[in-house]
Amino acid sequence: MTGRLTGKRTIVTGAGSGIGKAAAELFAAEGAQVMCADINGDAAAATAAEIGDQAISLGVDVTQPGDCQAMTEQAASAFGGLDAVYSNAGVDGPGRAGDLSLEEWNRVIGVNLTGKWLAVKFAIPHLIEAGGGSLVLQASVGGVIGVPGIAAYAAAKAGVIGLARQMAVDYGPDNIRVNAICPGTVPTPLVRATYEKRGGFSATAAVSADATVDEMIEAAVVRHPIGRLGTTTDIAQLALHLASDESSWTTGAAIVIDGGMSVA
Ligand code: NAD
């Protein structure tokens, strides 16, 4: 590794699994100190333990302002300040608009939009104190193009892109950059849960209604011109670039990383 985040003090939410876990490990390998946060505190602790001395962990529900504030203050206190937050934690959100209950809508919007905001809100004064920093918000290609059967999820992700743009305008003068990442399909537990609940419906036109999750994941490959699904490392590499000073003139961007899915 090449020390691309040497000296950076960072937080990664959703660090117990999938993309967040890969990002926490990559950030640390590139020299960062990392607060590994997840609603599954044991999983966050396991990621931190794998990383070693550069990492700490906390059980955090990103829908709870008190949890997000504690996460931020503990990280800033342990590391002597903050430079970057990867607001990544999220949940699956299957269902068409006409089929969703208000409870399910609120669950998905609560984590995937409100939680994305709360996880960065308390970091702002610390980034200003540091002379600037980077906030990376995890959106989705589903926030950019229509993807079947994920109404609340897509609405939340489009909201995240709007939040990144808006915050980039408000905090640019403080040298705080805010960007959104819009991944295509990466077969994590979140995607498996989505396919499981969504059933054969619309994963692709090519699968039958009784297709297994593995068959749906296999069939999803055809939507990605590059010929494979994404890996957690593919997405973590973009988060690393956005968290680092390499991207010091990138702000307000919604960067699609999807193997060509959105242009096919
Ligand atoms: P994942 O299920 O592997 O990881 C999500 C993590 O978030 C889990 O560890 C989970 O415990 C945690 N989490 C859930 N609710 C939380 C809460 N309220 N507070 C704190 N932590 C919480 O899924 P993933 O695919 O790695 O997803 C990470 C992010 O990437 C999500 O925002 C997701 O919407 C986004 N994303 C994923 C894909 C994909 O194809 N996997 C595509 C686009 C966007």
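1. Start at the ligand. One of its nitrogen atoms sits 3.1 Å from a polar backbone atom of Ile39. An oxygen atom of the ligand is 2.7 Å from a polar backbone atom of Asn88. Gln138 uses its side chain: a polar atom there lies 3.1 Å from a ligand oxygen. A polar contact here is a pair of N or O atoms within 3.5 Å.

2. A caution on the source. This is a predicted model, where local features need pLDDT of at least 70 and side-chain atom pairs count only at pLDDT 80 or more, while totals for chains, interfaces and linings use all residues. Residues are numbered from 1 along each chain as its sequence is written, and side-chain values use heavy atoms, with hydrogens and water left out.

3. Now the helix pairs. Two packed helices are described by the angle between their axes and the distance between the axes. Helices are DSSP runs (H or I, at least four residues), numbered from the N terminus. Axes are lines fitted to C-alpha atoms over the stretch in contact, and angles run from 0 to 180 degrees between N-to-C directions.

4. H1 (residues 18-29) and H9 (residues 232-243) have axes that come within 8 Å and cross at roughly 50 degrees. The two are therefore oblique to each other. For the angle classes, under 35 degrees is roughly parallel, over 145 roughly antiparallel, 65 to 115 roughly perpendicular, and the rest oblique. On the H1 side, the contact includes Gly18, Ala22 and Phe27; on the H9 side, it includes Thr232, Ala236 and Leu240. Contact means heavy atoms within 4.5 Å. By class, this contact has ten nonpolar, four polar and no charged residues. Ala, Val, Leu, Ile, Met, Phe, Trp, Tyr, Cys and Pro count as nonpolar; Asp, Glu, Lys and Arg as charged; the others, Gly among them, as polar.

5. H1 also meets H2 (residues 41-51). Their axes come within 10 Å and cross at roughly 25 degrees. That makes H1 roughly parallel to H2. Lys21, Ala24, Glu25 and Ala28 in H1 touch Thr47, Glu50 and Ile51 in H2. The residues split into three nonpolar, one polar and three charged.

6. Last pair: H7 (residues 189-198) and H8 (residues 213-220). The axes come within 9 Å and cross at roughly 110 degrees. H7 and H8 are therefore roughly perpendicular to each other. Arg192, Tyr195 and Glu196 in H7 meet Val213, Asp214, Met216, Ile217 and Ala220 in H8. Five of the contact residues are nonpolar, none polar and three charged.

How values were computed. Polar contact = N/O pair within 3.5 Å; in protein donor to acceptor, adjacent residues only side chain to side chain.
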